[in-house]
Amino acid sequence: MVNNMLGMGKGKTVREDEALQVEDVSAMLGVGRNTVYSLAKSGELASYRVGRKLRFTRADVERYIDASKTGGVPVSTSPVASAARAPYVTAASPFAAAIPEIAPVENPFVIAGGDVVGDIVAHALAMREITCSRAYLGSYLALVDLYLGRADAAVVHLYDRKSNTYNIPYVQRLAPGMPVSVVRLVRRPVGILVQSGNPKRIHSWGTLLTRDAALVNGARGSAERVLLDEVLSELEARPESVRGYDREVSSPDAIASFIAKGAAEAGVGAAHVAKATPGVDFLPMQDEWVDIVVKKTERTRPLARAVKHLADDPRMRRELGALGFDTARLGSIVYES
């Protein structure tokens, strides 16, 4: 009989059926797999190994979440000081080359927003000796944190149907009177994620209402949720007319994971998320713009200057291009106040 208890050191044991994989923790925290690996490596999140596999207990993950809430720090806020600690940077990435460790600073700049582009930006800035922390929040909440003084910059991709534009209307509404620079980062396709083969034959936003597809939705404040709400408003449809509208998950990766596992049949997301998830197809609906909003103060002057010169970094262009993002306008100022 196989022993179903796994040793964890110091006399602690956990049942095998209670063990969580990296993908499970990623969905619970609403972050990418690489962020989970980074948290485990730094010791911020307790983990153990079964052979070469990294495993977690639900209790340890819940303790990490509780500690984050108690400390008033968004889940997975961590300093980005080197390639080894930069989330979403893979071994094949140009950013993963060995570089000198940058000494952490006492008061790093905080870049809010949960998108992978923010991780790549933070790492590129670290290469310029501008150390940043990442606050993994939805785009809407990232702007709120910027306005409330909890962040120095926000990476956002929020669609406004009335103007048929991205980001600037939300900056004007959520950060009124605040001097900011909005710098363009990338353009990329966004649309509907469906099960492989598209068994529900979804082909437009409107078919989400007519094909009886079970949806999995982004959390309130996420760009995915905002886009869906704007689309439903345009269609003059009530949220309750979409089956599964109230079923929320905390990240784009979790949306794709639910669809891949058959727990949902559709969701809103970007092309690169579908590409990275076996069992998920992507239906392009429109292009979205991802921008970084930087608060203009004496303190953030070096940050703002560096952000405007991101286009000069060929490694960053390659990293973004490898994800299928259009970088033609990278570094251009699209709005200032």
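The chain holds 337 residues, of which 51% are buried. Its secondary structure comprises twelve helices and 17 strands. Contacts reach well along the sequence: when pairs at least 6 residues apart are considered, 71% of the contacts link residues at least 24 apart.

Confidence deserves a look before the details. The average pLDDT of the chain is 83, and 82% of the residues reach at least 70. Residues 1-17, however, have a pLDDT below 50, and this stretch makes 22 contacts in the model beyond near neighbours in sequence. Where pLDDT is low, the predicted coordinates should not be read in detail.

Helix H4 (residues 116-127) and helix H12 (residues 314-322) have axes that come within 10 Å of one another and cross at roughly 165 degrees. Because angles over 145 degrees count as roughly antiparallel, H4 is described as roughly antiparallel to H12. The crossing of the two helices is right-handed. On the H4 side, the contact is built from Val-117, Ile-120, Val-121, Ala-124 and Met-127, while H12 contributes Arg-315, Met-316, Glu-319 and Leu-320. Sorted by class, the residues in this contact are seven nonpolar and two charged, with no polar residue among them.

Although Glu-129 is not a glycine, its phi is positive, at about 65 degrees. With a relative accessibility of 66%, Glu-129 is classed as exposed.

Asn-167 is another residue that is not a glycine but has a positive phi, here about 75 degrees. Its setting is the loop between strand S11 (165-166) and helix H6 (168-174). Asn-167 has a relative accessible area of 0% and is therefore buried, whereas Glu-129 is exposed. Within H9 itself, the buried residues include Ala-254, Ile-255, Ala-256, Ser-257 and Ile-259.

Leu-208 belongs to helix H7 (residues 207-210). Its relative accessibility is 4%, so Leu-208 counts as buried. Setting aside residues up to four places away in sequence, Leu-208 touches Ile-192, Ile-202, Leu-228, Val-242 and Ala-266. Leu-208 can also be placed relative to Ser-241: the two are 33 residues apart in sequence, and their C-alpha atoms lie 9.1 Å apart in space.

The other example, Asp-145, sits in helix H5 (residues 139-148). Asp-145 has a relative accessible area of 9%, and because buried means under 20%, this residue too is classed as buried. Beyond its neighbours within four places in sequence, Asp-145 is in contact with Leu-137, Arg-150 and Ala-151.

Conventions:
Residues are numbered from 1 along each chain as its sequence is written. This is a predicted model: local features need pLDDT of at least 70, side-chain atom pairs count only at pLDDT 80 or more; totals for chains, interfaces and linings use all residues. Side-chain values use heavy atoms; hydrogens and water are left out. pLDDT is the predictor's confidence in each residue, from 0 to 100. Contact means heavy atoms within 4.5 Å. Axes are lines fitted to C-alpha atoms, for helices over the stretch in contact, and angles run from 0 to 180 degrees between N-to-C directions. Helices (H or I, at least four residues) and strands (E, at least two) are DSSP runs, numbered from the N terminus. Angles under 35 degrees count as roughly parallel, over 145 as roughly antiparallel, 65 to 115 as roughly perpendicular and the rest as oblique. A crossing is left-handed if the near helix is turned anticlockwise from the far one by less than a right angle, and right-handed if clockwise. Ala, Val, Leu, Ile, Met, Phe, Trp, Tyr, Cys and Pro count as nonpolar, Asp, Glu, Lys and Arg as charged, and the others, Gly among them, as polar. Buried means under 20% relative accessible area, exposed over 50%, partly exposed in between (1.4 Å probe, protein chains only).
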